[in-house]
Amino acid sequence: MQDKTPSFIHGISFQLAKIGIILAFVLSFVMSFIQTSFDYFEQQRELAKFIDQVIAVAKPPAARSVATLDEELSDEVVNGLLKYGFIYEVVIADEQGNILSQASVKRDTAATRWFTQKISEPIVEYSDVLAIPGYPEGNAGSIRFKVDMDQWLAPFYARAYSNLIFGVLRNMVLVLLLFFVFYFTLTKPLVKLSREINNINPDHPGVHRLTLLPRKRRDELAQLIVNSNHLLDIVELSLAKRRAVELALRKSEEHLRQIIDNLPVMIGARNIAGYYLFANKALADELGFTPEQMRNLHVRQLLKNSVFDIDTMLQNDYRVIRGNEELDVIEERFITATGRQLFLQTHIMPLAFYDEKVALIVSVDITDRKHAQAKMEFMAHHDSLTGLPNRLQLVERLEHELRRAERHGYYGAVLFIDLDQFKNINDSLGHPVGDRVLQEVATRLQNTVRDEDLVARLSGDEFVVVLTVLDQNIETAALRAGEISEKIRTVISQPCLYDNMELRVTCSVGVVVYPDKNNSVHELLRYADTAMYQVKEKGRDSIEFFNEAMADKVSRQLVMEGDLHRALEEHQFKLHYQPKIDVMSGRIVGAEALLRWEHPTKGTISPIDFIPVLETSGMIIDVGQWVLEESCKTLERWHELGLWRENARLSINISPRQFRRTAFVDDVVQTLNKHKIPANSLDMEITEGIVIQRVDEAITTMTILSEYGISFSLDDFGTGYSSISYLKRLPVSTLKIDKGFVRDIIEDRNDRVLVETIITMGRLLDMELVAEGVEQTDQLKILRQFGCHYYQGYLSSPAISIDKFEDLLRTDTKNRAEDVS
């Protein structure tokens with residue numbers, strides 16, 4: 001081992017001696033300065049004292065010489081003062097300032113004069129007044145003399161020089177003695193200790209020991225050697241333990257490496273330069289390397305087939321390593337060694353890896369999740385049965401096409417296609433056959449239009465085709481749209497084979513050209529739908545273009561929808577009541593609540609105009625609930641007033657959309673629980689169309705509500721399907737004969753026979769019969785002959801306000817009382 005013993009000039013003895021000399025000289029200088037300062041001030045005080053004595057001795061003879069004008073005496077005084085070496089000039093003058101005697105000596109040149117000028121005035125002049133007793137003014141003259149301060153301080157300089165030389169010699173001797181003491185007591189043992197420490201084997205520090213000092217030495221150095229030997233023993237023991245721990249760590253690292261290699265996640269570590277320092281087996285296998293091959297390879301070389309941006313990856317590593325932050329990378333996309341596309345969700349965190357900070361990358365394979373997500377996104381934008389775009393994608397694509405058509409100045413068209421009477425196929429052959437027909441129609445539509453056109457399925461048997469870039473002239477574009485629509489109608493009407501069956505369907509097509517008047521997507525779809533319904537009304541299996549008349553109708557409908565919303569909020573709706581009269585007695589046995597709308601500016605609006613808008617807009621649900629609430633409140637009021645007789649019924653009309661709601665039963669039950677109406681006083685009128693499509697569901701709903709005392713009437717009987725097979729299953733207590741049959745009952749034999757048949761059938765089924773629209777006495781006579789129970793119509797009263805109807809009830813109650821009496 002290399003000897004690292006310090007040289008003499010770097011030894012502690014030399015260093016201590018050097019420090020000692022510096023400190024001794026500084027201390028000596030400071031003490032000498034203090035002593036010299038005190039000596040200087042003492043010398044100054046002695047000078048003042050001595051001058052006072054000189055003046056006291058010289059003043060009497062000087063005063064006599066001035067008083068007597070004795071020049072010889074004056075000269076003696078002057079010469080006497082000049083004998084003091086530090087006084088070099090003396091002047092005696094009378095009271096007028098005339099010099100009586102004056103003398104001076106030459107000032108000697110001294111080496112200390114420059115220093116005297118630094119610490120004091122070089123020449124100091126003293127003077128005093130010569131007073132003579134008995135003299136009128138007490139002042140006979142003056143004496144002045146000058147003192148050479150350098151001469152006066154000469155003894156002071158001699159003493160200071162001697163003190164300085166003596167102090168330096170004394171300090172040098174002291175430092176020399178200290179040097180030898182330090183060397184033999186400290187430096188020499190330390191040098192030996194240093195050499196022995198250099199000879200210690202770091203791997204086996206306990207083999208060699210440091211030589212102990214003689215026992216008589218119990219100072220810090222001796223204790224240091226003892227403690228050092230003890231430390232060597234501890235280090236030797238610690239190294240042994242460390243070797244055991246390192247062996248265990250190596251085994252633990254091997255086990256940990258095996259665990260990490262067998263984890264289903266991909267783990268790696270990259271430094272700030274982008275080189276991999278570690279990778280587990282899962283990551284290496286996906287990239288086509290071994291963990292050893294990946295070590296010290298750059299990310300650009302390893303991931304050269306990656307679809308993910310490598311620069312972004314390196315920037316993320318930099319943020320993690322330098323910024324000490326953790327990052328979640330939502331998605332990374334790679335191409336594996338086998339060419340498989342791999343999606344990873346990665347978490348990056350800083351890690352102290354040996355002597356540097358690296359980015360630890362933990363990635364989870366989310367490829368299956370991505371595929372599932374892609375499938376879900378496809379399902380969210382496509383119809384599950386036909387694979388066609390659904391309403392969501394249709395709206396997005398159509399919005400894009402609208403903007404594109406406006407920007408480039410061309411026209412396209414939206415085709416709304418509805419299969420005619422498709423329900424018959426589902427009802428007669430079952431839904432699997434209907435689904436197969438829908439798939440065949442979707443295929444035919446796609447094969448009929450261009451690739452750039454869009455075919456979508458809205459719901460059920462409704463399809464929409466968006467024709468793009470037809471022409472820059474609107475007439476030509478409309479002509480081409482008509483040609484394609486006709487082609488579509490022809491293609492769809494061709495037979496569809498299924499299990500040796502030849503199925504045929506036709507379609508109704510509504511067409512609207514875009515862009516026109518800044519119409520929105522939803523307006524275009526509504527216009528096309530309106531045109532399609534025009535085809536339905538005219539007999540189906542045809543094509544209809546949306547025109548201005550339809551636009552006006554739709555516009556009026558939209559305006560009315562807004563008015564209807566305000567009508568409900570501002571309580572513009574009212575209930576009018578048309579009495580239900582006993583055919584035989586002419587007494588009131590009930591009433592029908594009819595909805596009326598009193599518009600604040602337009603006046604009374606006919607139900608024929610606003611009821612269909614309520615139906616199509618869906619507001620019929622809220623309005624129907626309002627009618628139910630108001631009817632129950634009215635029944636509760638009439639019962640409290642004693643106007644509503646026992647077993648009388650108030651009928652309200654229930655719309656199909658309201659009846660088919662899942663929450664319909666709950667809404668009705670909650671309303672009945674809120675209002676305490678008379679038992680069996682509420683009747684609900686439903687149409688045949690409500691029950692004919694879902695007979696079982698209708699029966700369930702009606703049965704539940706019947707348990708709460710609600711009866712049901714079948715309204716407009718005879719105008720629909722009128723099948724006895726379902727009629728006998730329904731919990732219906734009343735049949736209402738449509739006013740269309742009653743109106744011509746006098747002249748038209750067919751209507752008379754039909755009404756008689758309905759009444760006879762109803763009575764046989766133990767149902768009550770109510771004829772609507774009775775306006776003439778002859779009509780009432782015929783109904784009485786046929787055995788009809790009740791009637792409504794202008795013959796008795798139109799629908800009237802609640803106040804007027806209550807007057808009728810009071811009159812009817814009074815008449816009943818009179819008949820009884």
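Analyst: Four strands, in the order β2-β1-β4-β3, make up an open sheet whose pairing is antiparallel; here strands (E, at least two residues) and helices (H or I, at least four) are DSSP runs numbered from the N terminus, and two strands pair if DSSP finds at least two bridges between them. The model is predicted, so local features need pLDDT of at least 70 and side-chain atom pairs count only at pLDDT 80 or more, while totals for chains, interfaces and linings use all residues. Residues are numbered from 1 along each chain as its sequence is written, and side-chain values use heavy atoms, with hydrogens and water left out.

In the four-strand sheet, β2 (99–104) and β3 (123–130) are the edge strands, and because each has a single partner strand, one side of each is left without a neighbour in the sheet. Direction ignored, neighbouring strands of this sheet are turned by 10° against each other on average, where axes are lines fitted to C-alpha atoms, for helices over the stretch in contact, and angles run from 0 to 180 degrees between N-to-C directions. Seven bridges join β1 (residues 87–94) to β4 (residues 141–148) in the antiparallel sense, and Asp-94 stands opposite Gly-141 in β4.

Which residue forms a salt bridge with Arg-144? The partner is Glu-125, with the closest N and O atoms 3.8 Å apart; a salt bridge is a side-chain nitrogen of Lys or Arg within 4 Å of a carboxyl oxygen of Asp or Glu. Since Arg-144 lies in β4 and Glu-125 in β3, the pair ties together parts that are 19 residues apart in sequence. Arg-144 is partly exposed at a relative accessible area of 33%, and Glu-125 also counts as partly exposed, at 46%; buried means under 20% relative accessible area, exposed over 50%, and partly exposed in between (1.4 Å probe, protein chains only).

β15 (residues 507–514) pairs with β16 in the parallel sense over three bridges, and Val-511 stands opposite Phe-545 in β16.

Within α15, Glu-486 and Arg-489 lie three residues apart, about one turn of the helix, and they form a salt bridge in which the closest N and O atoms are 2.5 Å apart. Glu-486 is partly exposed, with a relative accessible area of 32%, whereas Arg-489, at 18%, counts as buried.

A search of the whole structure finds 30 salt bridges. Another of them joins the side chains of Asp-563 and Arg-566 (2.3 Å, N to O), which lie three residues apart in helix α17 (residues 548–569) and are therefore separated by about one helical turn. Asp-563 is buried at 9% relative accessibility, while Arg-566 is partly exposed at 39%.
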